[in-house]
Amino acid sequence: MDRVNLERSIEQLPPGYKTVFVLHDVQGFEHNEIANIMGCSVGNSKSQLHKARTRLRELLQEQVRDQARQERQAAKSQTGSVD
């Protein structure tokens with residue numbers, strides 16, 4: 001994964017997911033600190049992080065699939081194949 005795709009995917013996360021993800025995985029805050037910052041429970045922070053990571057994986061996989069599809073289509077058009 002390149003940095004541009006990762007940043008693009010992070011930007012697509014819902015606001016709560018993105019905030020917790022950035023605070024925890026990028027900036028290194030602990031869940032109790034995030035809970036205090038966001039005014040939520042530690043459990044909510046953990047849940048949001050889990051959901052953020054799951055959604056991020058899905059978004060990145062979609063990008064990989066889209067890129068592979070585009071490469072296949074380009075290869076077919078170069079060889080003159082028709083679907």
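Analyst: Helix axes here are lines fitted to C-alpha atoms over the stretch in contact, and angles run from 0 to 180 degrees between N-to-C directions. The model is predicted.

User: How do α2 and α4 pack, in angle and in distance between axes?

Analyst: The angle between α2 and α4 is about 100 degrees, and their axes are 8 Å apart.

User: What makes that arrangement of α2 and α4 roughly perpendicular?

Analyst: Angles from 65 to 115 degrees count as roughly perpendicular. The angle of α2 with α4 is about 100 degrees, so α2 is roughly perpendicular to α4.

User: Which residues of α2 and α4 meet?

Analyst: On the α2 side they are Gly-16, Tyr-17, Val-20, Phe-21, His-24 and Asp-25. They meet Ser-45, Gln-48, Leu-49, Lys-51, Ala-52, Arg-53 and Leu-56 of α4. By class, this contact holds six nonpolar, four polar and three charged residues.

User: Why is Gln-48 called buried?

Analyst: The cut-off for buried is under 20% relative accessible area. Gln-48 has 16% relative accessibility, and therefore counts as buried. Gln-48 lies in helix α4, residues 42-79. Beyond its neighbours within four places in sequence, Gln-48 is in contact with Gly-16, Tyr-17 and Val-20.

User: Which other residues of α4 are buried, and what covers them?

Analyst: Besides Gln-48, the buried residues of α4 are Ser-45, Leu-49, Ala-52, Leu-56, Leu-59, Leu-60 and Gln-63. The cover over the buried residues of α4 includes α1, α2 and α3.

User: Which residues of α2 are buried, and what is included in their cover?

Analyst: Val-20, Phe-21 and Leu-23 are the buried residues of α2. Their cover includes α1 (3-12), α3 (31-38) and α4.

User: Is Gly-28 buried or exposed, and how do you know?

Analyst: Exposed means over 50% relative accessible area. Gly-28 has 52%, so Gly-28 is exposed. Gly-28 sits in the loop between α2 and α3, and its phi is positive, near 85 degrees. Its C-alpha is separated by 19 Å from that of Thr-54, 26 residues apart along the chain.

User: What makes α3 and α4 roughly perpendicular?

Analyst: Their axes come within 8 Å and cross at roughly 105 degrees. The range for roughly perpendicular is 65 to 115 degrees, and α3 and α4 are therefore given that description. The contact joins His-31, Asn-32, Ile-34 and Ala-35 of α3 to Val-42, Ser-45, Lys-46 and Leu-49 of α4. By class it has four nonpolar, three polar and one charged residues.

User: How do you know that the span of α4 is close to the expected one?

Analyst: α4 has 38 residues and reaches 56 Å from its first C-alpha to its last, against 56 Å expected at 1.5 Å a residue. Helix α2, with twelve residues, reaches 15 Å, close to the 16 Å expected.

User: What follows α4?

Analyst: Just after α4 comes Gly-80, with a positive phi of about 85 degrees.

Notes
Residues numbered from 1 in each chain as written. Predicted model: local features only at pLDDT ≥ 70, side-chain atom pairs only at ≥ 80, totals over all residues. Heavy atoms only, no water. Helix = DSSP H or I, 4+ residues; strand = E, 2+ residues; numbered from the N terminus. Buried < 20%, exposed > 50% of the residue type's maximum accessible area, 1.4 Å probe, protein only. Contact = heavy atoms within 4.5 Å. Expected span 1.5 Å × (residues − 1). Parallel < 35°, antiparallel > 145°, perpendicular 65-115°, else oblique. Nonpolar A, V, L, I, M, F, W, Y, C, P; charged D, E, K, R; others polar.
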